[in-house]
Amino acid sequence: MSANNGTGGKPAVLPEALGHKRLLVHLRQILARCPEDSADHAALAAAIISLETLQQRLRVAEARYVGLLEAVPDAVTVLDDSGQIIEANSAACELYQYTPEQLRQLGVTDLSPDLAADHLHRHWNEFEVGRIESVQRENLRGDGSRFPVEIRTNAFMDGPHKRLIALARDRTEIAAAEAELRIRELRYGELLDAVDKGVMIQSRDGRVEALNEAGRRILDLPPQAQCEHISDLEQWELCDQRGEPLAWRDSYQSRALRRNERYSDVIVGLFHRHSGRLLWLQQTVVPQRLSGSHRASQVVTLFTDVSASERRREMFEDIQRLARIGAFDIDLATDALHLTDQVRRLLGIDEDDHDVGLTELLDSFHPRDRDALHDALTRVAEHSGSFDVELLVQRPTCTARWVRVIGRSSQRRGKPWRVLATLQDISHRRLQEERLRVQAQTDPLTGLENRDQALRRLEQALLVRDPGRGPTVLYVDLDRFKMVNDLLGHAAGDVLLAAAARRLIASSPAGAVVARVGGDEFLVILPSTTDQALGGEVAERIGAAFSASFSYGSEEFQITPSIGLARFPEHGDSVQQLLNHADVAMYEAKRRGRNTWQAFSPHLAKRLQERLLIETQLHRALDQEELSLVFQPKVQLYSGRIVGAEALLRWTRRSSGELPPDIFVPHAETTGDIVPIGRWVLRQACRQLRQWLDQGLAIEHVAVNVSHRQLLSEHFDELVAQALDEFGLPGEMLELEMTERVFIEDAQDINQTLIKLRQLGVRLSLDDFGEGYSALGYLRRVPVQSIKISHHFMQGVPAQSKDARLCEAIIQLADSLDLDVVAEGVESDEQRRFLVQQGAKLGQGFLFSRPLSAGRFAELASSGLRRRDWAG
């Protein structure tokens with residue numbers, strides 16, 4: 001049978017009894033009579049709508065993966081009981097490449113050559129009306145080519161005759177499409193599984209159609225697990241960023257399907273009911289529509305587990321709240337401003353106000369600070385760089401506070417495009433700084449300005465150069481304050497200082513600066529005056545104010561001021577000159593009997609010049625090896641045996657010879673040179689004692705005078721320990737002598753050092769006892785082992801009864817406290833015998849020997865003192 005490639009003709013009309021319309025009607029009737037749940041019903045329905053079904057399926061597949069394959073039309077043939085084709089539609093003609101007439105000359109075996117010749121005859125009775133059968137086989141075209149088809153058959157009655165209607169679908173393209181679809185599905189699945197993000201595809205009702213392996217891992221589902229509607233899963237519950245349950249309709253997937261909107265990088269939570277585990281997912285939700293449809297048919301969700309970063313974000317927000325720090329970002333291209341929640345809280349900006357711009361940001365600050373921030377932002381926006389400013393927030397909706405703004409610009413292609421800044425609440429720090437500033441400028445006891453602030457105020461006054469006008473400085477020292485402080489205690493001393501400060505303020509004119517510059521020393525600065533007599537008038541008022549006695553408890557006592565005065569410019573044109581000259585004038589007032597005032601004068605200037613010269617030369621004395629030690633023997637009064645030596649410092653200047661210690665030592669105390677000098681004396685004395693011991697001299701100890709400045713220096717006890725260790729001396733062979741000033745000034749700190757020295761075994765002695773502010777309280781408090789009676793008392797002993805009784809009382813006091821007594825200035829045998837009678841054991845003075853060089857002392861100690869009639 002020859003093939004006819006012309007397929008454009010219409011199919012022949014079916015017999016009258018059947019008709020084309022009747023055939024469709026009959027097919028529908030057959031379909032209606034076919035049970036809906038049977039395979040035949042599904043097969044016949046699929047044959048009728050195969051094109052639509054395939055097209056739908058291909059469209060869905062194309063929308064989901066690449067797209068659906070295009071559907072092909074079905075070929076319809078009608079067969080009689082012999083298998084002869086009695087009718088065919090144009091699709092069959094086109095499919096088999098025959099004209100309708102040619103097809104009607106063919107039988108079923110012509111189209112399906114693999115069928116046996118009697119196949120239809122043998123199975124004719126098995127075809128029942130309404131029962132659809134479906135087979136797949138290869139058919140033959142008119143050109144002899146084979147092609148796969150799917151044939152669905154059903155019997156129907158054409159009047160008295162049973163006919164078969166066969167719907168043939170060319171499966172060539174379908175088979176190829178199915179093979180391609182399987183390849184694409186395999187590749188798409190592999191692609192999704194290779195993605196490290198979760199991918200979920202859901203239908204409009206929320207049913208999960210697909211979920212990749214990464215998604216299963218995130219949701220703790222086994223591979224290839226059956227995933228149902230996510231809101232129906234018993235173990236998981238959707239929740240929003242506040243942790244509140246979220247219904248499917250309120251989810252981003254549902255909203256994307258309803259609104260055809262995409263949602264990018266949104267955060268949702270999943271709460272596991274059984275384990276209590278909370279997952280935070282970052283999602284991008286994309287709705288998908290079929291071609292030609294305005295309605296989304298499914299939604300694709302890409303999601304990542306951001307639980308760790310979300311926890312870090314929450315922690316960062318908590319840290320921001322705790323540290324009171326936030327951030328803001330400005331896009332320079334659009335001027336868009338983004339504020340963190342903490343910045344909004346700090347600036348009092350409503351968190352729901354999304355229209356905040358740069359103007360609103362600047363308006364949050366004090367008017368004087370707005371320009372500073374605006375200029376800083378403009379500078380980094382135009383020229384890049386960074387800025388750091390401190391601003392005062394002043395907004396009706398929040399408390400006034402200080403903030404620090406640190407920012408910088410980022411560049412793209414060499415140009416700034418973004419400004420990022422942090423904003424931190426520094427109110428507490430600013431309050432602390434203000435408090436510290438006030439503390440740094442204020443004396444805490446009296447409330448007056450302190451020394452540093454007073455000197456700054458004096459310096460400012462000197463900067464105002466106005467002819468005939470300038471500052472006057474009054475240096476005020478309280479006479480005998482230390483005695484009152486010692487007798488009544490520090491609490492009484494503090495009350496006295498506060499009361500003295502009030503009297504100074506009351507005596508000073510308006511605008512004057514009143515400051516406490518030391519323990520009992522004050523400054524009154526008259527910043528600018530043309531009246532040269534004003535300084536003296538203020539000094540007189542101060543003296544008058546102090547004429548009334550001070551009270552503490554039931555006690556009343558008199559404290560007077562000694563005042564030194566220096567005026568600009570005649571007494572100095574710098575801060576240091578005015579201060580030094582007022583200080584010199586104050587000491588002159590003390591020298592003249594205290595409770596008076598003294599202006600600076602040329603005579604005092606000369607004395608000051610001499611003092612400065614001494615201090616300058618003394619500073620170089622060590623380096624120039626101008627210092628030396630002499631040693632005065634310490635003797636047993638009843639036997640005359642030399643038991644020890646006191647090391648005494650001497651200064652022989654190359655330019656002008658020797659200077660007495662009572663002149664240069666106070667200067668060394670004032671300048672602080674006493675500390676390195678004292679360190680040198682300590683080592684030299686220990687070195688000399690070591691040499692004497694190596695020579696076989698029976699010297700029990702060496703005494704060294706120490707200053708309170710040495711005891712206040714760091715690690716003085718360690719310096720002593722190093723000297724002892726260096727020269728191999730036990731601690732008891734070193735005696736440190738100190739005056740009562742040590743226990744008056746900085747007593748608490750010094751007492752700790754004395755305790756450490758005693759732990760080294762070092763002996764401590766109170767020098768010049770009986771002078772100054774001697775008090776029994778010291779002897780009870782401090783760890784001394786001996787006291788030295790001042791040589792001033794010895795001058796009247798035993799002839800003057802008062803001095804003799806005082807010496808007797810001191811010796812008895814020391815004996816009762818188990819302290820040794822050393823008498824200084826013993827110059828006569830009568831004094832020696834008096835001391836022996838009173839029980840004193842040791843003494844030193846010209847009666848025994850003047851201070852000697854180390855060599856002369858060794859000779860005297862080895863030969864012994866000459867025996868006299870008192871030696872026995």
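Author: The span of a helix can be checked against its length in residues. Helices here are DSSP runs of H or I with at least four residues, strands are runs of E with at least two, and both are numbered from the N terminus. Please note that this is a predicted model, in which local features need pLDDT of at least 70 and side-chain atom pairs count only at pLDDT 80 or more, while totals for chains, interfaces and linings use all residues. Residues are numbered from 1 along each chain as its sequence is written, and side-chain values use heavy atoms, with hydrogens and water left out.

Reader: Which residues of α23 are buried?

Author: A residue is buried under 20% relative accessible area, exposed over 50%, and partly exposed in between, with a 1.4 Å probe and protein chains only. In α23 the buried residues are Ile674, Ile677, Gly678, Val681, Leu682, Ala685, Cys686, Gln688, Leu689 and Trp692. Viewed down the axis of α23, these buried residues fall within an arc of 165 degrees, so they line one face of the helix. The arc is taken from the directions that run from the helix axis to the C-beta atoms. The general idea is that an α-helix has 3.6 residues a turn, so residues three or four places apart point the same way.

Reader: What follows just after α23?

Author: Just after α23 comes Gly696, with a positive phi of about 90 degrees.

Reader: Are the partners Glu150 and Arg152 buried or exposed?

Author: The side chains of Glu150 and Arg152 meet in a salt bridge of 2.7 Å, N to O. Glu150 is buried at 10% relative accessibility, and Arg152 is buried with a relative accessible area of 11%.

Reader: Which parts does the salt bridge between Arg401 and Asp425 tie together?

Author: The closest N and O atoms of Arg401 and Asp425 are 3.2 Å apart. Arg401 lies in strand β15 (residues 401-412) and Asp425 in strand β16 (residues 415-425), so the pair ties together parts 24 residues apart in sequence. Arg401 is buried at 13%, and Asp425 is likewise buried at 13%.

Reader: Which residues are linked in a network of salt bridges?

Author: The network links Lys634, Glu646, Glu735, Glu737, Arg763, Lys788, Asp820 and Glu824.

Reader: How are β15 and β16 placed within their sheet?

Author: Strands of a sheet pair through backbone hydrogen bonds, either parallel or antiparallel. Two strands count as paired if DSSP finds at least two bridges between them. The strands β13-β12-β16-β15-β14, in that order, form an open sheet of five strands with antiparallel pairing. Its edge strands are β13 (336-339) and β14 (386-393), each pairing on one side only. Between β15 and β16, which run antiparallel, there are 10 bridges, and Ile406 stands opposite Thr422 in β16.

Reader: In what order do the strands of the six-stranded open sheet run?

Author: The order is β7-β6-β11-β10-β9-β8, and the pairing is antiparallel. At the edges stand β7 (208-211) and β8 (236-239), each with a single partner strand, so one side of each is left without a neighbour in the sheet. Strands β6 and β7 pair over three antiparallel bridges, and Ile201 stands opposite Ala210 in β7.

Terms used:
Salt bridge = Lys/Arg side-chain N within 4 Å of Asp/Glu carboxyl O.
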